[in-house]
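Here's a quick tour for anyone opening this structure for the first time. Have the sequence and the 3D view side by side, and let's walk through it topic by topic.

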Amino acid sequence: MCVIGGGVTGAGIARDLSLRGLSVLLLDKGDWGGGTSGASSWMIHGGPRYLEFDWDTTRLSCEDAGHIVTIARHMVYRVVFIIPILPHDKNNIERMETAMEVYDRFQPLKKAHPHVRLTAEEARQVEPGLSPDLVGAVTMEEWGVDPHRLVFANVQDAVAHGARALNHTRVTELLRDGGSVIGVRYRGADGASSEARAKVVVNAAGPWVPEVSRLAGTDVRLRPAKGIHIVYPHRISNFSISAESIDGRDLLLVSHAGFTLLGTTDDDFYGDLDSVDVLEDEVDYLLQAFERVFPAIRDYRPSRTTTGVRPTLFKWRRYEDELSRRYRVIDHAADGVGGFVTIAGGKLSMYRLMAEETSDAVCRKLGHQAPCTTASLPLPGHASELEPAPELARRHRIPALAAMKVQSRHGSLSDDVLKEAREGRIVCRCEPLTEAELAHAARHEQVRSLADAFRRVGLASGPCAGAACVMRAAEVIGRELDWSASQRFGAVREFVAGAWLGRAPVLVHAGWAQEELALGALRGLRV
Ligand SMILES: Cc1cc2nc3c(=O)[nH]c(=O)nc-3n(C[C@H](O)[C@H](O)[C@H](O)COP(=O)(O)OP(=O)(O)OC[C@H]3O[C@@H](n4cnc5c(N)ncnc54)[C@H](O)[C@@H]3O)c2cc1C
């Protein structure tokens, strides 16, 4: 099999097919989870708002979220929302509580707790930043996950079961025999072209699905929708908070372990999928909505933005926000193209189910009989209970917070990861990343650039945004990958230039000046 696309969907399919005993090649033109998956809100959730127009998506998401929690317990954490109600909101407190009572029926599917209704006073007591105009609030519980790690754990497990997985490898052509697809031509990180034959090629390219399907001479229509987030490199509230935007959409401020995501927009996208910019207007749209419920929001300093494009199924005459998050598995034999299957649409929260149905379709084509096991078979590192982080920290002479971070990525494998380098060395103090974990990522986790290290181990994701750590990180990775001094500086310059695109939309005047100065200094670096 060849699977095109190493987002959460493709990685999930590669794992599923490998576990069923098939031989799999997984290819991604960028890095694992570097497309839409990494730009998501990092939530494994049911989506209560879909209840209004797509009950099945909420149910299936909740069911699959329950499976993901079961197989990756070390990676997921509870995210508790306060949904504040203000005068003139589209839902008053009674309507909102009724909606949550319905959603409560789904919560046990994903091992989450039912809602609680709070008076305005109670809500402001637990979340003092909320507006004094508050009428009341309800709570809602979801799960958070680092999507980059979730994708990579699927890749790791696929490889452990015999798959070959190549990042920075773009599929440039589909090999054809008459109408049928019989393999792929791809260009690797070194620029060399190769071919691989496959009995079935799976198109799991997320928003790039139409582009890849055109290579097979067939057409899959999506209605791609762009979303952005503002990222704060710390928590700015005790709880996650929802807010209504000026046009009545539900927006979320999501408090993850050590940072906050504020998002997201949802707009039809017609541009170049490989170059998606964040506009200052989009940033203002989000801040305007949150200023109403959390008046001090503009006093906090964001460090960057993220953006991605949803691979939503095509539908005419609907607002983006009301589009279903359903998915479709398409066997193109029906259009006269044999050996080619597409998976389109869906959500991160039900990637496992999407992978199962796609793998079922592949197995049917091959007459291969093997059941899906991904709902119960743990991902690498899974443990229902981990060693207390302070003990792990003491043994490896690192701060307890750094140990916790390693555990959130490697779970029960953390001890092995930390044994790999000199004890106690920290690459970044603000986002406590150990030298051991970074070296391990370069050695065993296909990290080829500093941006890959950002995705794999959170390099430069803290308040310093890389200023205090990228040079040091380049040395650690460079030692592992044999980089010369000029390659190390080159890697730093490339990272800073890439990060700038995400930082510019949230910089104000002094911030711009500061960044220009830092960039100028870096450009001046010569070996
Ligand atoms: C702003 C935003 C917030 C979201 N938040 C959530 C959330 O909190 N929870 C949730 O459940 N869902 C969320 N979603 C939806 C979810 O992120 C996506 O549905 C999901 O991540 C899509 O995964 P994917 O693997 O299909 O696509 P992608 O992650 O985009 O993966 C496709 C991959 O294909 C690769 N590719 C493309 N062309 C080629 C080629 N020619 N050769 C090789 N590789 C190729 C790309 O490099 C890419 O990595 C959000 C979406 C957005 C935009």
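A residue is called buried here when its relative accessible area is under 20%. With that cut-off in hand, take β19 (340-345): 6 of its 6 residues are buried, so the strand is largely enclosed by the rest of the structure. Keep in mind that this is a predicted model.

- Strand β1 (residues 2-4) runs parallel to strand β11 (residues 201-203), and 3 bridges pair them.
- To find that pairing in the 3D view, look for Val3, whose bridge partner in β11 is Val202.
- On to the next neighbours: β11 and β19 are also parallel, joined by 3 bridges.
- Here Val201 has Phe340 of β19 as its bridge partner.
- How do β18 and β19 run, parallel or antiparallel? They run antiparallel, with 5 bridges joining them.
- One spot to check in that pairing is Tyr327, which has Gly345 in β19 as its bridge partner.

- Which residues of β12 point which way? Ala225, Gly227, His229 and Val231 point one way, while Lys226, Ile228, Ile230 and Tyr232 point the other way, and all of them are buried.
- Strand β17 (residues 304-310) runs antiparallel to β12, and 7 bridges join the two.
- Within that pairing, Lys226 sits opposite Val309 of β17.
- Strand β15 (residues 260-263) is antiparallel to β12 as well, with 4 bridges between them.
- There, Tyr232 stands opposite Thr260 of β15.
- Strand β16 (residues 267-268) pairs with β12 over 2 bridges, again in the antiparallel sense.
- For this one, look at Ala225, which stands opposite Asp268 in β16.

**Two helices side by side**

- Helix α1 (residues 8-19) and helix α5 (residues 147-160) have axes that come within 8 Å and cross at roughly 25°. That angle makes α1 roughly parallel to α5.
- The contact uses Val8, Ala11, Gly12, Ala14, Arg15, Ser18 and Leu19 from α1, and Leu150, Val151, Asn154, Val155, Asp157 and Ala158 from α5.
- Sorted by type, the residues of this contact split into 8 nonpolar, 3 polar and 2 charged.
- The crossing of α1 past α5 is left-handed.
- Leaving out residues up to four places away in sequence, Arg15 touches Ile71, Asn154, Asp157, Ala158, Thr374, Leu377, Pro378 and Leu379.

- Some background first: most residues other than glycine have a negative phi, and most peptide bonds are trans.
- The peptide bond from Gly263 to Thr264 is cis, with omega near -10°. Thr264 falls in the loop between β15 and β16.
- Trp42 isn't a glycine, yet its phi is positive, near 65°. You'll find Trp42 in the loop between β2 (25-27) and β3 (43-44). Trp42 counts as buried because its relative accessibility is 15%.
- Ala460, again a residue other than glycine, has a positive phi near 65°. The loop between α13 (450-457) and α14 (470-481) holds Ala460. With a relative accessible area of 9%, Ala460 is buried.

Methods
Residues numbered from 1 in each chain as written. Predicted model: local features only at pLDDT ≥ 70, side-chain atom pairs only at ≥ 80, totals over all residues. Heavy atoms only, no water. Buried < 20%, exposed > 50% of the residue type's maximum accessible area, 1.4 Å probe, protein only. Pairing = 2+ DSSP bridges. Axes fitted to C-alpha atoms, helices over the stretch in contact; angles between N-to-C directions. Parallel < 35°, antiparallel > 145°, perpendicular 65-115°, else oblique. Left-handed = near helix turned anticlockwise from the far one by under 90°. Contact = heavy atoms within 4.5 Å. Nonpolar A, V, L, I, M, F, W, Y, C, P; charged D, E, K, R; others polar.
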